[in-house]
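Here is a report on one protein model. Take a look at the fold before reading on.

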Amino acid sequence: MDHGRTAEGLQVLAKLHAHGNEQDVWVQAEFEQIQSAIALEHEVAAKGYKELFTNRSSFRRLFLVCALQASVQMTGVSAIQYFSPTIYAGLGIGTTSALKYQGISNVLSVLAILCTVLFIDRLGRRWPLILGNLINCLCFIVVTAVNATFPHSSPSTQHALGWLFIVFNWVYQISFSFTCGTLSWIIPAEIFDTKTRSKGVSIGAMTSFAFNTMIGQVTKPAINSISWRFFLVFVICNFTNAIFFWAFMPETAKLPLEEMNTLFSSKSWFVPTMNYDAFHTHDLEYRAEEIARKGDIDIVEDVNDKRNT
């Protein structure tokens, strides 16, 4: 719609909300809302990156996106994925077996991402992100304990510890892929408005790759130097990630892009004390009611039911 393809945009909205019925009240209301937002954003379009830092609402979103992308790398995912043969070798597992177990881990990750696609809109964004980091923290506690005790254990115990590491690595990969990994790209794409989205997402991506590069450079020297103690960094970071997102990441699921400005314009950044009802404009509901009052089209489904689909 932002590129003049309004008819196609209306068709997409109709397929999403009304089984292709372009005359549905909810479809017409959201169509009008999007057109109004696009017209406004064209009038005050961001000419550069400056607005991301000077506008309070935009800066808050940028800060959260950069923190989210950095936090993903500090979960330890890149350390595990890039250096799995080295880590497995420290547990007496050969390269061939390590690659096989990591291949199984990758398959589990793909299945977890599929589950994200199917269920994330029902579960929301905020609590999956918080709980995912807590599960990652638990997994790294086990990984750290296994690596710390392995050298001093008997051969039979070492075999059991090896399998304990493998299983918890799989659990970690499922948890990460279902929550942090996918949400780190879902959230940036949906919280910025049209005029700042491309610039905000680009800075977020830059942050992700910067931290990814850092982890890639320090992991092997750190493992060689301080061994299992390096994994304590990820135990701490996963836990602090969960605390941070509990405190500062608001729920954005099922919130139209056009209402994000209101949500992130709140003076308080501390989410647990926010009154969400005060930041929902219910613009779609008002537009739908106005269209219905005009009698231009028939109501196909109850507006409130539409809001929850």
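## Fold and confidence

This is a predicted model. The protein has 14 helices and 0 strands. Buried residues make up 47% of the 309 residues. The accessible surface comes to about 15,300 Å², and 63% of that area belongs to carbon and sulfur atoms. Take the contacts with a separation of 6 or more: residues 24 or more positions apart account for 76% of them.

Mean pLDDT for the protein is 87. A value of 70 or more is reached by 86% of the residues. Among the elements, helix 11 has the highest mean pLDDT, at 98. Helix 14, residues 303–307, has the lowest, at 53. Over residues 296–301, pLDDT stays under 50. For that stretch the model has 15 contacts beyond four places in sequence.

In soluble globular proteins, nonpolar side chains tend to be buried together. Here the largest nonpolar core has 56 residues. Helix 9, residues 155–191, gives the largest share of this core, 10 residues. Another core lies apart from it and has 8 residues, among them Leu13, Ala18, Val27 and Phe31.

Which residues have the most contacts inside the largest core? They are Leu129 and Phe140. Beyond four places in sequence, Phe140 is in contact with Thr75, Gly76, Ile80, Tyr172, Phe231, Phe234, Val235 and Asn238.

Helix 9 also holds serine 175. Serine 175 counts as buried because its relative accessibility is 8%, under the 20% limit. Leaving out residues up to four places away in sequence, serine 175 touches Gly132, Ile135, Asn136 and Cys180.

## Helix 11

Helix 11 has 17 residues. From first C-alpha to last, helix 11 reaches 24 Å, close to the 24 Å expected at 1.5 Å a residue. Its buried residues are Phe234, Val235, Cys237, Asn238, Asn241, Ala242, Phe245 and Ala247. An α-helix has 3.6 residues a turn, so residues three or four places apart point the same way. What covers the buried residues of helix 11 includes helix 4 (56–73), helix 5 (77–82), helix 8 (126–149) and helix 10 (197–226).

## The loops on either side of helix 11

Tryptophan 228 is found in the loop between helix 10 and helix 11. Leaving aside neighbours within four places in sequence, tryptophan 228 is in contact with Thr144, Asn147 and Ala148.

Threonine 252 lies in the loop between helix 11 (232–248) and helix 12 (260–264). Is threonine 252 buried or exposed? Its relative accessibility is 1%, so threonine 252 counts as buried. Its side chain makes a polar contact of 2.7 Å with the side chain of glutamate 190. Beyond four places in sequence, threonine 252 touches Arg125, Glu190, Ile191, Met260, Leu263 and Phe264.

Lysine 254 lies in the loop between helix 11 and helix 12. Lysine 254 is partly exposed, with a relative accessible area of 45%.

## Positive phi

Most residues other than glycine have a negative phi, and most peptide bonds are trans. Lysine 254 has a positive phi, near 65°. Histidine 19, not a glycine either, has a positive phi of about 55°. Histidine 19 is found in the loop between helix 1 (6–17) and helix 2 (25–43). Why does histidine 19 count as exposed? Its relative accessible area is 79%, and exposed means over 50%.

Two pairs, with C-alpha to C-alpha distances:

| Pair | Apart in sequence | Apart in space |
|---|---|---|
| Lysine 50 and lysine 199 | 149 residues | 10.0 Å |
| Tryptophan 228 and isoleucine 87 | 141 residues | 9.5 Å |

Lysine 50 belongs to helix 3, residues 50–54. Lysine 50 is exposed, with a relative accessible area of 64%. Tryptophan 228 is partly exposed, because its relative accessible area of 25% falls between the 20% and 50% limits.

Notes
Residues are numbered from 1 along each chain as its sequence is written. This is a predicted model: local features need pLDDT of at least 70, side-chain atom pairs count only at pLDDT 80 or more; totals for chains, interfaces and linings use all residues. Side-chain values use heavy atoms; hydrogens and water are left out. Helices (H or I, at least four residues) and strands (E, at least two) are DSSP runs, numbered from the N terminus. Buried means under 20% relative accessible area, exposed over 50%, partly exposed in between (1.4 Å probe, protein chains only). A polar contact is a pair of N or O atoms within 3.5 Å; within protein, one must be able to donate a hydrogen and the other to accept it, and residues adjacent in sequence count only if both atoms are side-chain atoms. Contact means heavy atoms within 4.5 Å. Accessible areas come from the Shrake-Rupley method with a 1.4 Å probe; for residues, only the protein chains shown count as cover. The expected span of a helix is 1.5 Å times one less than its number of residues. pLDDT is the predictor's confidence in each residue, from 0 to 100. A nonpolar core is a set of buried Ala, Val, Leu, Ile, Met, Phe, Trp, Tyr and Cys residues joined through side-chain atoms within 4.5 Å.
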